Amino acid sequence: MSDFKNYLNKQLRDEEFRKEYEKLAPEFSIIQAVIDARKTGNLTQKEFL
């Protein structure tokens, strides 16, 4: 597991952190969709916009 994943898993044990992290889930989903679209289209950020 990556260092980031380990760190995130530890932080998610904290209830306040977890609630705030979960509030951001829709934003994270949009960001991931943009990243996936760029990869699929083999586009740079500049080309994507």
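Which residue's side chain meets that of glutamate 22 in a salt bridge? The partner is arginine 18, at 3.7 Å from N to O. The legends below place this pair among the other contacts of the model.

The model is predicted, so local features need pLDDT of at least 70 and side-chain atom pairs count only at pLDDT 80 or more, while totals for chains, interfaces and linings use all residues. Residues are numbered from 1 along each chain as its sequence is written, and side-chain values use heavy atoms, with hydrogens and water left out.

**Figure 1. Overview of the protein, with four helices and zero strands.**
The order along the sequence is α-α-α-α. Helices (H or I, at least four residues) and strands (E, at least two) are DSSP runs, numbered from the N terminus. Along the principal axes, the C-alpha atoms fill a box of roughly 40 × 25 × 15 Å. The protein has 49 residues, of which 2% count as buried. Buried means under 20% relative accessible area, exposed over 50%, and partly exposed in between, with a 1.4 Å probe and protein chains only. The accessible surface is about 4,600 Å², and carbon and sulfur atoms contribute 55% of this surface. Areas come from the Shrake-Rupley method with a 1.4 Å probe; for residues, only the protein chains shown count as cover.

**Figure 2. Charges of the protein, 9 positive and 9 negative.**
Lys and Arg count as positive and Asp and Glu as negative, with His and the chain ends not counted. Each charge is placed at NZ of Lys, CZ of Arg, CG of Asp or CD of Glu. Three salt bridges are found in a search of the whole structure. The criterion is a side-chain nitrogen of Lys or Arg within 4 Å of a carboxyl oxygen of Asp or Glu.

**Figure 3. Salt bridge between glutamate 15 and lysine 19.**
The closest N and O atoms are 3.1 Å apart. Both residues lie in helix α2 (residues 15-23), four residues apart, about one turn of the helix. Glutamate 15 is partly exposed, with a relative accessible area of 46%. Lysine 19 is also partly exposed, at 44%.

**Figure 4. Salt bridge between arginine 18 and glutamate 22.**
Helix α2 holds both residues, four residues apart, or about one turn of the helix. Glutamate 22 is partly exposed at 44% relative accessibility, and arginine 18 is partly exposed at 30%. Arginine 18 and leucine 8 are ten residues apart in sequence, with their C-alpha atoms 9.6 Å apart in space.

**Figure 5. Salt bridge between glutamate 20 and lysine 23.**
The N to O distance is 3.2 Å. In helix α2 the two residues are three residues apart, a separation of about one helical turn. Lysine 23 is exposed, with a relative accessible area of 61%, whereas glutamate 20 is partly exposed at 42%.

**Figure 6. Aromatic cluster of Phe17, Tyr21 and Phe28, linked by ring pairs.**
The search of the whole structure finds two aromatic pairs. In one of them, the rings of phenylalanine 17 and tyrosine 21 have their centres 6.2 Å apart and their planes at 15°, so this pair is stacked. Rings of Phe, Tyr and Trp (its six-membered ring) pair if their centres lie within 6.5 Å; planes under 30 degrees apart count as stacked, over 60 as edge-to-face and the rest as tilted. Phenylalanine 17 and tyrosine 21 both lie in helix α2, four residues apart, about one turn of the helix. Phenylalanine 17 is partly exposed at 30% relative accessibility, and tyrosine 21 is partly exposed at 28%. Tyrosine 21 also pairs with phenylalanine 28 in a tilted arrangement, 5.3 Å centre to centre with 50° between the planes. Phenylalanine 28 is partly exposed at 35% relative accessibility.

**Figure 7. Nonpolar surface patch of Ile30, Val34, Leu43, Phe48 and Leu49.**
Together these residues have about 490 Å² of accessible area. Patches are made of residues with over 30% relative accessible area and no salt bridge; like charges are joined within 9 Å, and nonpolar side chains (Val, Leu, Ile, Met, Phe, Trp, Tyr) within 5 Å. Leucine 49 lies in the segment after α4 (45-48). Leucine 49 is exposed, with a relative accessible area of 86%.
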